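Hi,

Here's the structure I said I'd pass along.

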Amino acid sequence: MKKLILLFITLFLVTGCYNYHDLNELGIASSILIDYTDQFEVTVEILEDEKSETYKGSGKTLDNAFNNIILGTERDLYYNHLDAIILTENVNVKDIISYFMRNPEVNNTFYLVITETTDIYKEDKFGKTLSNILKRDNMSNFFDITQTLFEENQDMAIPYLNRQLKIESIAAYDEQSIAFNLSLEEIDIYKLLTNNTGSNIVTSYEGENVEIKVNEITTKYKLNDEIKIAIELEASLVEIDQTIDTSNLDTIAKIEESLNKEIVKQTATFIDKLKYTKSDILGIDKMLYNKFHNLLKTFEDYNYEIEVKTHINKKGLLLK
Amino acid sequence: MNFLELVQEEYKEISDLVIKPIKGIHLIYLETLADQDKINDYILKAVASKRIITDIKKVLPSPNVKDIKNYKELKLYLETGFTIVLTDNEAIAIETKANITRSIDTPSTEPTIFGPKDSLTENYQINLGLIKRRIKSNHLKNEVTYIGRFTKTLISTLYIDNVAEKELVDQVREKMQNIVIDGINDIGELKQFLVKETKNVFPAFKMTERPDIIAKSLLEGKIVILMDTSPYALIIPSFLADFINPVSDDYTKNINVNFLKILRFLCFFLSIITPAFYVAITTFNQETIPTSLLINFQAQREGVPFPAVIECLITLIICEILRESDTRFPSSYGSAISILGALVLGDAAVSAGIVSPIMIIVIAITFISSLIFTDLEIINAIRHWRFFFLVVCSIYGLYGIGLSLIFFIANMSNYEVFNKPYFYPISPFDPSYIKETLFKMRNTRRSKILSHNKYKGEA
Amino acid sequence: MKREFNILNYLNSRALFMGIGLSKLLIQAHEYIWISLILGTIIGAILIHFVKFKMKKSLLNVVICSILFVIGLNILINMISTMYLTEMPKLLVGIPIILLVMYILNKREVIIYRVANILFVLNIFLYVVAMLSLVSDFHLENFTYSNTPIQNVIFSALEFALFSTLPTLITRDENTANISLVKTYIISAITMGTWFLLTYGILGANLVDIYRYPEYIILKKISIMNFLENIENIVSFVWLFDIIIFLLCNGNAIKKNVDNPKVINILLPILLLITAFINRFYILILYIYKYSSIILLILAILLFVANKKRHQTS
């Protein structure tokens with residue numbers, strides 16, 4: 001009985017303090033837009049029942065900006081259910097990321113996006129939509145980006161949101177600033193080189209377009225005097241001109257042949273571009289350091305030999 | 001002998017005492033307890049047909065004749081419905097008990113779909129018969145004692161002598177002999193004399209009204225206590241696992257019943273933890289709830305004026321009130337209460353914005369889970385722990401659940417009844433008893449803690 | 001009883017890795033952590049097998065166990081106030097732990113074993129859930145060269161042996177130092193080792209270097225059927241259980257070493273106050289973390305020497 005009384009006394013004394021937050025007090029942040037001009041401009045999208053609302057705040061530091069938002073709402077900001085953090089090009093990515101890494105009440109499976117425009121909140125639940133798009137496309141999330149961010153010998157690549165609010169490119173970084181934006185074709189090659197499935201490759205065969213979808217892929221890097229990239233992929237045929245007879249075995253072999261050539265060509269151009277912009281988003285420096293234990297020659301100093309083996313193993317429901 | 005005078009002196013103001021002198025002998029009986037027909041058949045007819053009675057015992061056709069050695073015995077027999085026959089040089093008692101009992105009924109508190117449908121009654125003889133019909137062995141012993149200065153209630157300790165542990169039997173016997181009390185009405189009262197009153201809320205002994213459960217417990221090496229005038233039997237020792245799992249599980253297929261057994265074990269923890277867990281994850285660790293669900297919860301709680309803990313306490317207490325009124329009220333009014341409770345407290349409370357719909361679901365799950373158990377005492381014990389968990393969690397969140405869980409385990413591990421650990425097949429771990437209770441598997445061994453007789457089916 | 005004693009030591013020997021050990025060893029040994037783990041397990045197993053002594057009643061033992069108690073409590077309180085209750089004062093976080101430990105210690109000794117027995121099952125269950133849902137995130141590429149000197153690897157191995165054997169020394173009884181204890185120790189080292197490898201395989205060298213609780217961060221990646229996410233706070237109960245058992249063992253050792261067992265009812269709250277006092281100076285905690293292996297080594301040697309000597313003379 002004494003214990004019971006003690007328990008109830010503590011209940012009434014302690015309830016309402018320390019970490020006790022009723023659900024109604026929480027503002028569940030779905031996405032955060034962070035911009036920096038002369039101070040931090042932060043927009044937070046807070047989820048409500050059917051819709052979402054945005055709140056703006058500004059401050060000298062990031063935390064100041066968030067506190068500035070709280071002044072205008074009855075709720076506390078809660079970051080454990082974040083879907084996306086959207087940054088403009090003029091913020092320091094490392095500072096922002098470490099701010100969120102330091103906070104124990106932040107999840108790490110959300111997505112990080114670089115945006116071209118700050119006018120993005122036109123529809124409800126934009127953060128959720130964005131995260132669904134990125135999840136479908138197998139893009140790297142916050143956790144993956146933190147890994148590359150703190151790796152000295154690799155540059156990071158962050159999905160890029162354009163003015164039409166579409167993820168049409170990836171921003172490849174060179175140390176601290178964006179080196180260049182990957183086009184859609186380059187994203188497909190980038191996925192091949194980073195062992196990710198889901199990319200579509202278009203080639204021309206006898207003057208007609210042939211498109212395949214990659215189902216399985218193994219990419220290996222062999223580092224010697226020159227770097228040899230061996231790509232082996234299994235793909236299914238998704239679109240082909242009907243003048244081409246795919247029931248012919250030779251044709252398939254020839255299509256594979258032309259695909260190989262196409263991928264080699266595109267990869268070579270892609271790597272040239274990386275060399276030119278000095279953006280090592282593939283992490284080749286990391287591999288070199290792992291192999292030779294020094295970085296006397298970085299990835300720009302090597303020649304690349306690319307070898308591709310394509311196997312078409314599905315044609316879908318049509319025989320031809 | 002002066003037995004007759006003593007009886008006349010001591011039973012002066014007792015209206016149902018009959019003393020009937022016939023042919024030099026005296027019949028003494030209490031007419032409310034004795035059956036007139038039996039007296040007629042067993043004694044009077046035989047006595048009347050003989051001219052001179054030399055050896056009374058040979059004359060009487062009664063199947064149950066007992067010698068009386070002293071006056072104390074005489075009083076005992078007289079008060080239990082025997083007819084005392086006094087001759088010049090001896091006194092005997094003849095069983096002529098009237099059948100003051102109801103017939104064998106179906107079990108009301110532990111019903112099953114399959115399995116035997118008979119249950120204990122208030123009559124000790126019938127109860128013992130029901131058990132002996134199931135165990136036909138001379139190893140089944142029953143030691144009889146009478147407890148209560150006024151009630152002189154018959155209490156019988158049943159065990160199988162080559163299965164049950166001797167020490168346990170001795171302990172129980174010793175406890176029985178030391179009971180000093182005016183009277184005892186139900187076997188539930190006996191419980192407090194057998195075990196010291198502790199702070200632990202869980203029931204020390206299992207009470208059952210099913211003879212098949214009794215038979216099974218006896219075969220496992222447990223001791224069963226029967227009491228005249230009580231339709232329940234006590235099983236010593238009982239473990240927590242026994243309360244969760246009914247014996248009727250043995251009558252169905254292993255693989256199906258194991259699913260139910262896991263479900264029951266889950267329900268045990270659900271009914272303790274659910275409200276606390278809900279409060280912990282909605283007020284402290286919201287990250288654990290999936291986003292879509294969290295927003296749903298948030299929308300439902302919109303406008304509820306109380307904090308989640310208070311809301312939970314209110315709903316729990318209302319449900320306890322409902323349950324108590326439902327058990328106390330005559331069954332014909334019961335449905336009215338159910339309707340009132342369901343409509344007013346369920347629907348109207350939500351629409352009035354006093355509690356959130358999700359809280360009603362949480363409490364409903366809690367209560368339905370606890371109603372899986374038939375023993376009322378275990379439901380009460382679960383309720384006790386439910387409040388404890390809730391209070392700790394409202395201060396410490398999920399961390400509180402972790403600590404309360406350890407406290408619960410420590411508390412349960414510390415609880416021992418007749419030196420047998422209450423949390424038994426789990427800790428200390430014993431696979432052979434787990435196969436009997438928490439899972440159902442083929443098992444040829446008896447549990448070590450209950451019996452030295454290792455294997456089942458061996459002499 | 002033998003099995004229960006072993007289970008107790010399974011939980012006990014894992015306790016010091018949370019917060020202090022795991023992060024420290026990973027930062028030291030980096031990609032060669034697996035060598036450290038194997039070496040450390042072997043050294044630890046040899047130590048467990050050959051170091052036999054029985055605790056004698058002495059004040060020194062009380063002091064050593066108290067220091068270990070404070071270290072364990074400090075780890076737990078800091079873990080709780082980082083992960084669960086970020087705004088609560090550390091003293092308030094510690095109060096229920098002390099109440100719980102005192103409650104169990106005031107009962108019979110066998111209760112500790114029974115509690116450990118059940119917590120072991122829960123512990124293994126949570127461990128398996130965590131491992132199964134995280135194994136797909138394990139990347140061998142994270143074990144890349146990172147210029148780790150060989151002495152770091154050896155130090156890590158020794159530290160692993162120290163961290164994992166020291167707690168078992170406290171529960172040590174002369175007749176229990178047998179081969180089954182070594183087996184338990186190896187199983188415990190394997191489960192702990194997989195956690196090391198998984199942490200390094202998921203985070204990689206760079207994140208291991210910067211995160212305070214790397215073993216906790218990886219739990220944030222658990223996603224069961226894309227629905228149950230962020231259950232790191234439930235899986236973290238593994239360490240709660242480990243450290244509570246560690247505290248119970250230390251408390252029990254203190255109880256055995258004093259004449260009047262009721263002394264712990266005064267001593268343990270004092271130890272909590274000491275812990276809360278230490279926690280007011282962050283520098284002090286950082287020092288404890290930094291020199292934890294030296295502190296633990298001194299404690300282990302003291303414990304060994306004190307009890308061994310007395311044993312020979314008596």
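Starting with chain B, its secondary structure comes to 16 helices and 12 strands, both being DSSP runs numbered from the N terminus (helices H or I, at least four residues; strands E, at least two). Before you go further: this is a predicted model, where local features need pLDDT of at least 70, side-chain atom pairs count only at pLDDT 80 or more, and totals for chains, interfaces and linings use all residues. Residues are numbered from 1 along each chain as its sequence is written, chains are lettered from A and ligands numbered from 1 in the order written, and side-chain values use heavy atoms, leaving out hydrogens and water.

Along the principal axes, the C-alpha atoms of chain B fill a box of roughly 100 × 50 × 40 Å.

Of the contacts in chain B with a separation of 6 or more, 63% are between residues 24 or more positions apart; contact means heavy atoms within 4.5 Å.

Then there's the A/C interface: 21 residues from chain A meet 24 residues from chain C. About 2,300 Å² is buried between them, with carbon and sulfur atoms giving 53% (accessible area lost on being put together, 1.4 Å probe, summed over both parts). Tyr18(A), Asn19(A) and Phe143(A) supply 25% of what chain A buries against chain C, more than any other three residues.

Cheers

Technical notes
Buried area = accessible area lost by both parts, 1.4 Å probe.
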